[in-house]
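Open the model in your viewer and keep the selection tool at hand.

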Amino acid sequence: MDPIAPPADDAFTWTRKHLLGLDDLSADEITYILDTAESFREVSTRSIKKVPALRGKVVANLFFEDSTRTRMSFTLAAQRLSADVLQFSAAGSSVKKGETLRDTARNIEAMGVDAVVIRHPQSGAPHMLARHLNASIINAGDGQHEHPTQGLLDVYTIRRRLGGVAGRKVGIVGDIAHSRVARSNILALRKLGAEVIVVGPPTLVPKAIESMGCTICHSLDEVLGELDVVNMLRIQFERISSSLFPSVREYSQRYGLNAQRLGRAKPDILVMHPGPINRGVEMTSDVADGPNSAILNQVTNGLAIRMAVLFLVNQEHRS
Amino acid sequence: MDPIAPPADDAFTWTRKHLLGLDDLSADEITYILDTAESFREVSTRSIKKVPALRGKVVANLFFEDSTRTRMSFTLAAQRLSADVLQFSAAGSSVKKGETLRDTARNIEAMGVDAVVIRHPQSGAPHMLARHLNASIINAGDGQHEHPTQGLLDVYTIRRRLGGVAGRKVGIVGDIAHSRVARSNILALRKLGAEVIVVGPPTLVPKAIESMGCTICHSLDEVLGELDVVNMLRIQFERISSSLFPSVREYSQRYGLNAQRLGRAKPDILVMHPGPINRGVEMTSDVADGPNSAILNQVTNGLAIRMAVLFLVNQEHRS
Amino acid sequence: MDPIAPPADDAFTWTRKHLLGLDDLSADEITYILDTAESFREVSTRSIKKVPALRGKVVANLFFEDSTRTRMSFTLAAQRLSADVLQFSAAGSSVKKGETLRDTARNIEAMGVDAVVIRHPQSGAPHMLARHLNASIINAGDGQHEHPTQGLLDVYTIRRRLGGVAGRKVGIVGDIAHSRVARSNILALRKLGAEVIVVGPPTLVPKAIESMGCTICHSLDEVLGELDVVNMLRIQFERISSSLFPSVREYSQRYGLNAQRLGRAKPDILVMHPGPINRGVEMTSDVADGPNSAILNQVTNGLAIRMAVLFLVNQEHRS
């Protein structure tokens, strides 16, 4: 299959210029991104890991929060499509001189940038840019709102490892309240027909999350046996106030995965984690590196998903 | 027109290896750069924004002061000409280990770099490098001395928006005393035959500036009605000592542009600013984003100017 | 000669996937790297400084210590081979979030990286990566252990300037005890048949170093007259505790090179330094910039050595 052509599907045409969140997307659109990723995944296994799909296009990475991992993934995805990449980080920039996000972005756009990948601590920052810029905007994480490419790569990983998403029972464990990863995962999983159970201490799992179509459980042991997939969110010590959070030891005892606890799960349960892992907290090393773990697959699949997204939003046939 | 060929002009051959400042350049040379920029400007409007003009050449960005905007512009310009770009910044470098600028630069040159773009807090740093290195040197701002590509992009923007520079009346408003942007602008404008009036409080506008061929005025309101162009310099709060500077409120009242004040100017006056703007200080948002503003044009044109400069100093026929 | 083909030598085939240190390498292997560098050196003198040897390959620079110079050299080497380069530095990365080196590296590898260039303060870090990753690992300096590409570029520089290494008498002056540069130099020089004398104050020259096959001398003046090459190590003020180190003034008087002292050496002695130089400490400026100095040759040759190493470890015929 030609990796620069989207998968043939006469019933569907991609029309979006931006990827702001999964809330807006239909199940068909999500599936179309996964299918496109499938065709790009093969490129990364070649000796020459490059296709000319976006040659002469410019992708700007605007990161207002540290994120080596996501930035590197988008950078490699753009390079693999032969695009040029412009790196911007808040440190040492005009942002320190008091420039507004909108001015920063409009200036970068005026240099002829085709797509802007933005990570920002403020929810809605990518949407604001989409209103004011002509470039395509890709949300790489905005506040506690969404992290759509993470949600996409997670459902893509489930589809590849389990053969499908619909009907699977997925547990998401940890700080649901403050997690954009949880939100984008729930959205993608529900749209593709999975059942979602969110698991964590009451202080970190708000009742309101049920309105997203998921069930709440405060005990991992209670639901672990039913799950096809368990997605262990990273505890972001740097962000959580201690009043909401039990001790690390207590958290790990109640919500961490170790070999013994995993022994009570389905034998082929898929263990996921968005990284970076706090080994010994969310899970022990034998689980992280064991046969159930899909953690490195997530990284590999993330690259294919980001290639697909960069490719699709740069299509000429967009609305 | 073939964008990698300089404009045909039998009467002129580019011979300079460096761009150290506009003081050295003749009007013909400045015009030749603008004409070359014109031919490159079109590249940025293509779907594939790339020409092979500098393929296999290496451009090193040596920035000893923060400047996301100028650095990005030079980076994109080099990428668009298919050059490789090497990023150097003082933080985390041998500079911290006490290495001299000359040693740093000679080391970078020994790696086979063709052109060095340098920004440095010390006036004359690019000239020193030009004496000791074989690579082409491009001044991206040295102390309070010059910022030649900014001067070039400003006259280029005036030429594009007003059809020409000669005979136009241009006001430059703000901290004239400490501004390399002001100096390079005055030089370029005077050489191309514009009339220049510098405007600002007496503490920020030295009498000696008249020797550059411009008029001094301490009241914006007094001259605004005559101007074809007004270039509002950025107030660099981080650099100005408070003893020289009135309060922000007072400055903005006397020297800031708002809709009311603009109403007393010529209807098609061109409003410029080198960015980043302090909205509400140098001008209000309605002016910055209004029809008279050329601010984003300046950014776009800056890219074309930098492509032209990188291209010309890398020519084989140089002296 | 085709620069992307290794030198024809029917008796030898390169089989190593990694370059972890020179301790492992045979004299034939070292010579083969130098011969390959010779064929790549020519590329840097062309107008188009690029060969397609590693097109579509990805090289990741993982630097856990500051090193502009070595990082730039590896970056340029990879670009010149048409590889894509991914920059990683510990600042602002997941490392700050407590991630282990192994997790960081495995994540980067999962993105489809072909070679990892690593600098790390801990001796043995590259070897650990080599055990756990499938990518090729290149040691760019690990703790006080080895800096193999520096050792290679130093013997390559001697070979180019003096016509050969075997039988030459080489002095290495300075902090031998803590220097990975000294260790990799001694290994390369001894394997290629040079005689090595290490010179420095007793606190910085451990007796045990004799087991590497070199002689110890505590007076530079005593041996200078016999040397064909003198390699002046950088005094790393930031790393040496004052109890081991005499005053800078005293060090420079006893172990620094100036014109007067150089006058007592062989007329064509080669003066080397890994950079960055502390002018006035390890040597005076007239020596550093004089006809005996090979310091900028070392930089130029370093690029060719790194091209050769990146090329060789990425060969398909590797074991």
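How many residues does the contact take from chain A and from chain B? Select both chains: the contact takes 19 residues from chain A and 21 residues from chain B, where two residues are in contact if their C-beta atoms, placed from the backbone, lie within 7 Å. On the side of chain A that touches chain B, strand 2 (84–89) and helix 3 (101–110) each supply at least two residues. Helix 3 of chain A gives the largest share of that side, 5 residues. Colour that side of chain A by class and you will find 6 nonpolar, 7 polar and 6 charged residues. Here Ala, Val, Leu, Ile, Met, Phe, Trp, Tyr, Cys and Pro count as nonpolar, Asp, Glu, Lys and Arg as charged, and the others, Gly among them, as polar.

A word on what you are viewing: this is a predicted model, in which local features need pLDDT of at least 70, side-chain atom pairs count only at pLDDT 80 or more, and totals for chains, interfaces and linings use all residues. Residues are numbered from 1 along each chain as its sequence is written, while chains are lettered from A and ligands numbered from 1 in the order in which they are written. Chain A has a mean pLDDT (the predictor's confidence in each residue, from 0 to 100) of 91, and 92% of its residues reach 70 or more. The model scores ipTM 0.89 and pTM 0.92.

Next, select residues 148–162 of chain A. This is helix 5, with 15 residues; helices (H or I, at least four residues) and strands (E, at least two) are DSSP runs, numbered from the N terminus. Of its 15 residues, 12 are buried, meaning that 20 or more other C-beta atoms lie within 10 Å of a residue's own C-beta, placed from the backbone. Among them are Pro148(A), Leu152(A) and Tyr156(A). Show what covers the buried residues of helix 5 of chain A, including helix 1 (27–41), strand 4 (136–142) and helix 11 (295–313) of chain A. Just after helix 5, click Gly163(A), which takes a positive phi of about 85°.

Now move to chain B and pick Tyr255(B), in helix 8 (residues 248–255). Is Tyr255(B) buried or exposed? Tyr255(B) counts as buried because it has 26 C-beta neighbours inside 10 Å. Leaving aside neighbours within four places in sequence, its contacts include Val173(B), Val199(B) and Leu220(B). Tyr255(B) and Leu220(B) are 35 residues apart in sequence, yet 5.9 Å apart in space, C-alpha to C-alpha.

Terms used
Expected span 1.5 Å × (residues − 1).
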